[in-house]
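Take a look at the model first, and then we can walk through it together.

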Amino acid sequence: MSGLGALVRFVSLRRITAAPIRSLLTLLGVALGVAMLVGMAAANASILGAFGELVDRASGKAALEVVQGEVGVDRDLVDVVATAPGVAHAAAVIEQTTYLDVPGAASGPGERVLVLGVDLLGDLFFLPYAHGSGEDVLADPLGFANDPRALLVGATLARERGLGPGSKLRLRTATGMQEFHVEAVLTEAGPSQAFGGRVAVLSIDAAALAFARSGRADRIDVALAEHASVDAVADALRARVAGHGTVERPSRRGEQIARMSSSFQVGLQVSSFIALLVGMFLIYNSVSIAVAERRREIGILRAVGVSRRRVLAVFLAEAVVLGTLGGALGVPLGGLLARAVVASVQPSVSRFYAAIAPPSPHVSARLALAGFVVGLAATVAAAWFPARSAAHTDPVAAMRRDIHAHAGGRVPTRWLLAASGLVALVVAWLAHLGGLLAGFVGIGLVNLAAALATPALVVLLHRVAWRAAQRWFGLPVRLGIDNVARHLGRSTLTVAALMLAAMASMTVASYRSSFMVSMSRWVEQSIPADVIITAGSTLADQHSVPFAPEMLPRLQGMEGVAYLDPVRFVTLTHRGMRIEMLALGTRNYLTRAPGIGRQVLEGAPIEPGVLADAPRVFVSENVRAKLGVHAGDTLELDTPAGPRRFEVRNVVVDYSSDQGFVLIDTRWFRDAWKDERIDGFDLYAAPGVDPEALAADARRRLSSGAAGGDSGLYVMTSRAFKTEIYSAIEQTFEVTRASELVALIVALLGVIGTMLSAVLDRVREIGVLRAIGATRRQIAVAVLAEATFLGLASALIAVVASIPCTAVFVSVVGYAATGWHVPLAFDPSAMTRFAATIVGFAALAGALPARHAARLEVPRALAWE
Amino acid sequence: MDAAPPVVELVEVRKRYGGALDDDAGGTPVEALRGVSLTIPRGQLVAIVGPSGSGKSTLLHLVGALDRPTSGTLRVHGEDLSKLDDDALTRLRRDRIGYVFQFFNLLPTLSALENVMLPALLSGRASPEVRAAALAHLDAVGLGKRAAHRPDQLSGGEMQRVAVARALVLDPPLLLADEPTGNLDTRTGDGVLELLVGARSARRTVVLVTHDPRIAARADRVLTLKDGVVDADSGAAA
Ligand SMILES: Nc1ncnc2c1ncn2[C@@H]1O[C@H](COP(=O)(O)OP(=O)(O)OP(=O)(O)O)[C@@H](O)[C@H]1O
Ligand SMILES: [Mg+2]
């Protein structure tokens, strides 16, 4: 219709040329909203994809696998497995991440590689390199299998480090840095693509030697005969390996890891969820304000005889264009955001859950479409309501110059407040119910309740601010504060958006501090050793490269050592769950751990010999929650020697693992698990001995023979070790930084938009003020005062609302994810900082509109319609 | 020759809108004033008349120190406005010029009394004396009882009377009004007009832009603008 075309030309295009900055800001608001949605989702997908990649690494062609936690399965079991009915292929594999050091290479030491140990003399079906290239790659498989220092490297690694056949490189092994030589370069395929292509392949015997696996493998891969049923074969295998290993589909392992990292994903999901909320809010805020400020224009169109439907059609068409452009801009922006998020969370995922190298995040077509559609829908909805309300208003009223006539209708503050109270009741009920889902919904509803209460609180704060302005500040401040109430709807929307952004940051900060306070108390009380030695990673986590038992004599007989304790920290699989088990010399430990008595939740008082004298264990409260075991109960655990029973002596506070933690004496651990490897040494200094000197001595003894540095060996005093733990915990909260940044951007955009339209609304009024003697400064102060009030109100409401939000987050979501009862500990300094930042940014955002207002030419402002 | 210097003095004043210096207006430049020279002595009641678009408002804006001429010399209260910066112009407007516009004179969030006090409040002088003076001026325009009311509780005529009270509150020697009765019916307009006419004294000059011939009849001097130039000036003839 040419009529509509003309309308669009005169209404919409004019608008863009007349108010380019406003139009741009609105577009930016939509784009950022979409970017938030898409970015967080893509980041989540990438991290999850990395977990999935673990599965590919595991299998490729394997339909089933036989595993046994971190201690591994007996390699002899391969024969038992291979002869089972329905099994076509079976092969043992060793898998270990470790440090690589290329002598003379440009890039520094310390890069991690994934080492795969494969059985070249056994079933070659699972070889981790491109099919058919096996023969070309290895001229002499038998020679390779018998050479404990020969390895194959992935093409990516070879390219990055300039490696070729014959190149030398050093790997951290169970006995320190050892030199290897490259036999050939692999064309990556299947498992060798894992870990970003940074893969080295050894023969299984060489790997067993290098990593002290004596007779064990990490798993046995199983491929099925044609027509064999997975379930039938699995059952047959289970019967054969019962007590010595667990039969799983490879995907199970990935699932387990994904489930295990659920508490971590909680962080990501909360961020995504807030991103969704804030994103939609941002869009709604910018678009609805942009439409509302054109109420008069709508009135004029109606007055000159344009039909209601026509007016609405024009504004909806505009919204569709805006949503489309915003989406087109927001999707790639989301890709960038996702990259930043993944880069910030990858280290901690890798550290605590599994050694992953997440693929660079990628915005799938489906995700792009989803972000696009949500953005478009939010844009259209945001335009629809104010446009409809304007179109239904009497044209004369819409056109009236009197500002009161188009204040955007009354805001039913009381009703909203009552609704907010109801929502709060629902939150209380959900918190009582407990569980991850209830927690998430609860957090969402706290946000909703806070948003609903915002209008009433803004009115209240406005009254207070007005009094203060009247009393202590000049007229300009008072005029600025006056304006807040004139456009309560608009002010409230802005405050709500700012408040939600600030509240999210404050809540996460208090969540972090709650965990930090509890964890640091625990760390201080439960690490009595003076020097701690680990390899591969500082915290004996997923990157640990355990020492061989032969390394123990190197440290024995050191002067100044009162006690030397070899410690093992392993992941066990138990009823499909992963539990971390710490094995150490408990008699010494329980004598020296200062606060261990204070951490007992259940069971008789602790004496030093309780765990050493009999097969007993301590379990953490999350094990109690998950398995329902209590002090005095028996815990039955799978071991390579079959199932073993342990008495649960005590339930204790322990934050070693959010999956569950068991403390056992080294004696019983070795007896049952036949695993002599050492994840770390705890050194207790004799009285008066300087831990630093002890550390230096230990370092020298362990790396003797390692020429040119010893990558991945960590010898730390207990202070340094604890600092390391704290920074590791801090690192898990890195993901929140991105959301804080976004919150600030939201603050900036929201206030700029609101204040620009506030200024546009009052051009004529500003003209009058200037004409009768207001200086430019006074006009600017009025605008800044209004912006600052919006920031202040947001910050205050956010502080209050973050309290219940933190409570739900810590006590419901946190508990559901970790099984830890962590007392609330707010972070007043972070809350103050966020509050100050929001106020500062709001004031800063007011600067642009203030400048615009101050520079208005008086005659033109007076002529403004 | 009169000993006192003239309140307003224009020499060959031109005002052009649009063109290179004024990109917002765009398109072809408009010459709103094309060489206006005139002198207004103290205590005169001057009516500016002329067809729409002849430059009346433009002239009043210049005299009211709201805008600067494109060329020519403009003196108000003896000060060459081209030599004053924006703050000095603002002070001049606040302290020595009263202004009444056709509509929307008042700030909607302030009470009638606060609106009257506005020039004083803006100069940071919110003393009880100022308050008393403002109340007296409200009384003088017959609205003493409406001091606490907001503009949206006042009629159009009442609003204009508050505007007059405000324009006079700091007792400026120059009062300007641009079609102050243009939005009012005749009777209401007459009341407002009386106030403005009555504001003229030996010390105070009053300049009104109007379409109303009856007002012109009561003025000391009628200045007729046409196409940006003074077409007729009864004062010059007198
Ligand atoms: N800001 C501006 N930009 C461009 N042109 C302007 C501007 N202000 C006034 N003009 C033009 O200058 C000329 C004089 O305008 P002015 O407002 O002084 O007329 P007026 O005599 O007051 O008319 P009216 O009786 O309608 O109020 C007109 O042609 C007008 O279009
Ligand atoms: Mg005019």
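In chain B, β2 (30-40) and α1 (56-63) each supply at least two residues of the shell around ligand 1. Please keep in mind as you look around that this is a predicted model.

**The ligand site**

With three residues, α1(B) gives the largest share of the shell around ligand 1. There are 13 residues around the ligand, and those that come nearest are B:Ser52, B:Gly53, B:Lys56, B:Ser57 and B:Thr58.

| Residue | Atom on the protein side | Distance to an oxygen atom of ligand 1 |
|---|---|---|
| B:Ser52 | polar side-chain atom | 2.5 Å |
| B:Gly53 | backbone N or O atom | 2.8 Å |
| B:Thr58 | side-chain N or O atom | 2.5 Å |

On its own, ligand 1 has 630 Å² of accessible area, and the protein covers 66% of it.

The pairing of β5(B) with β4 (residues 71-76) of chain B is antiparallel and runs over two bridges. Here B:Val76 has B:Glu79, in β5(B), as its bridge partner.

**The six-stranded sheet**

Chain B also has an open sheet of six strands with mixed pairing, in the order β6-β7-β8-β3-β9-β10. Its edges are β6 (97-100) and β10 (229-233) of chain B; each has a single partner strand, so one side of each is left without a neighbour in the sheet. On average, and with direction ignored, neighbouring strands of this sheet are turned by 20° against each other.

Within the sheet, β7 (residues 174-178) and β8 (residues 205-209) of chain B pair in the parallel sense over five bridges. B:Asp178 finds its bridge partner in β8(B), namely B:Val209.

Helix α2 (residues 86-96) of chain B lies across β6 and β7 of chain B and runs at about 80° to β6(B). Helix α6 (residues 186-199) of chain B packs on the sheet and touches β3 (45-49), β6, β7 and β8 of chain B, its direction making about 145° with that of β8(B).

Note on methods
Residues are numbered from 1 along each chain as its sequence is written. Chains are lettered from A and ligands numbered from 1 in the order in which they are written. This is a predicted model: local features need pLDDT of at least 70, side-chain atom pairs count only at pLDDT 80 or more; totals for chains, interfaces and linings use all residues. Side-chain values use heavy atoms; hydrogens and water are left out. A residue is near a molecule or strand if one of its heavy atoms lies within 4 Å of it. A polar contact is a pair of N or O atoms within 3.5 Å; within protein, one must be able to donate a hydrogen and the other to accept it, and residues adjacent in sequence count only if both atoms are side-chain atoms. Accessible areas come from the Shrake-Rupley method with a 1.4 Å probe; for residues, only the protein chains shown count as cover. Helices (H or I, at least four residues) and strands (E, at least two) are DSSP runs, numbered from the N terminus. Two strands pair if DSSP finds at least two bridges between them. Axes are lines fitted to C-alpha atoms, for helices over the stretch in contact, and angles run from 0 to 180 degrees between N-to-C directions. Contact means heavy atoms within 4.5 Å.
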